[in-house]
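Colleague: I am new to this structure and would like a close look at a single part of it. Could you take me through that part slowly, in one connected answer?

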Amino acid sequence: MTDRMKKRDQFLRIAAVLLCGLLLFTLLFSTIFVSFEADHECEGEHCHICETIEKCEAFLHEMRNTVSYAIAVAFGTAFVLALAGICAWVSVRPTPVSRKVQMNN
């Protein structure tokens, strides 16, 4: 692996960590904002706080769907890998030849 590829991989890892941090911050901020402003004094039909709460709730709803899909995919993948491991273990049983047992008469 060249030095340039190592730097690119390191940059991508840092970018991924920063994106995850930003996503978690946004998720936490949305939850806190909705809980703090739930009983605000509404200014009427064009209340900016109500609009922001609606956007935060929409974001939280989308994240719930995304997380549930990710969990379903993770469990599905784990199930398939476990099934493949069991099938491989069953199909490759130890035999006297694989154990290198010497059979003398």
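Modeller: Let us begin with Phe33, which is buried because its relative accessible area is 17%, and a residue counts as buried when that value is under 20%. Please keep in mind throughout that this is a predicted model. Helix α1 is made of 34 residues, and from its first C-alpha to its last it reaches 49 Å, which is close to the 50 Å expected at 1.5 Å a residue.

Consider next what surrounds Phe33. Leaving aside residues up to four places away in sequence, Phe33 touches Ile49, Thr52, Ile53 and Cys56. Ser30, Phe33 and Val34 are buried in α1, and the buried residues of this helix pack against α2, which spans 48-91. Leu60 itself counts as partly exposed, because its relative accessibility is 23%. Although Leu60 and Leu28 are 32 residues apart along the chain, their C-alpha atoms are separated by 9.5 Å. By way of contrast, Phe33 and Arg8 are 25 residues apart along the chain, and their C-alpha atoms are separated by 37 Å.

In general, an α-helix has 3.6 residues a turn, so residues three or four places apart point the same way. A search of the whole structure finds one aromatic pair. That pair is formed by Phe25 and Phe29, whose rings are stacked, with 6.3 Å from centre to centre and 15 degrees between the planes. Of these two residues, Phe25 is exposed, with a relative accessible area of 55%, whereas Phe29 is partly exposed, with a value of 47%.

There remain the charged residues. Side chains of opposite charge can pair when their charged atoms come close. Searching the whole structure gives two salt bridges. One of them joins Asp3 and Lys7, with the closest N and O atoms 3.8 Å apart. Because Asp3 and Lys7 are four residues apart in helix α1, they too are separated by about one helical turn, and Lys7 counts as exposed, at 55% relative accessibility. The other salt bridge is between Arg8 and Asp9, where the closest N and O atoms are 3.7 Å apart. Arg8 counts as partly exposed at 49% relative accessibility, and Asp9 likewise counts as partly exposed, at 22%.

Conventions. Residues numbered from 1 in each chain as written. Predicted model: local features only at pLDDT ≥ 70, side-chain atom pairs only at ≥ 80, totals over all residues. Heavy atoms only, no water. Helix = DSSP H or I, 4+ residues; strand = E, 2+ residues; numbered from the N terminus. Expected span 1.5 Å × (residues − 1). Buried < 20%, exposed > 50% of the residue type's maximum accessible area, 1.4 Å probe, protein only. Contact = heavy atoms within 4.5 Å. Phe/Tyr/Trp six-rings, centres within 6.5 Å; stacked < 30°, edge-to-face > 60°. Salt bridge = Lys/Arg side-chain N within 4 Å of Asp/Glu carboxyl O.
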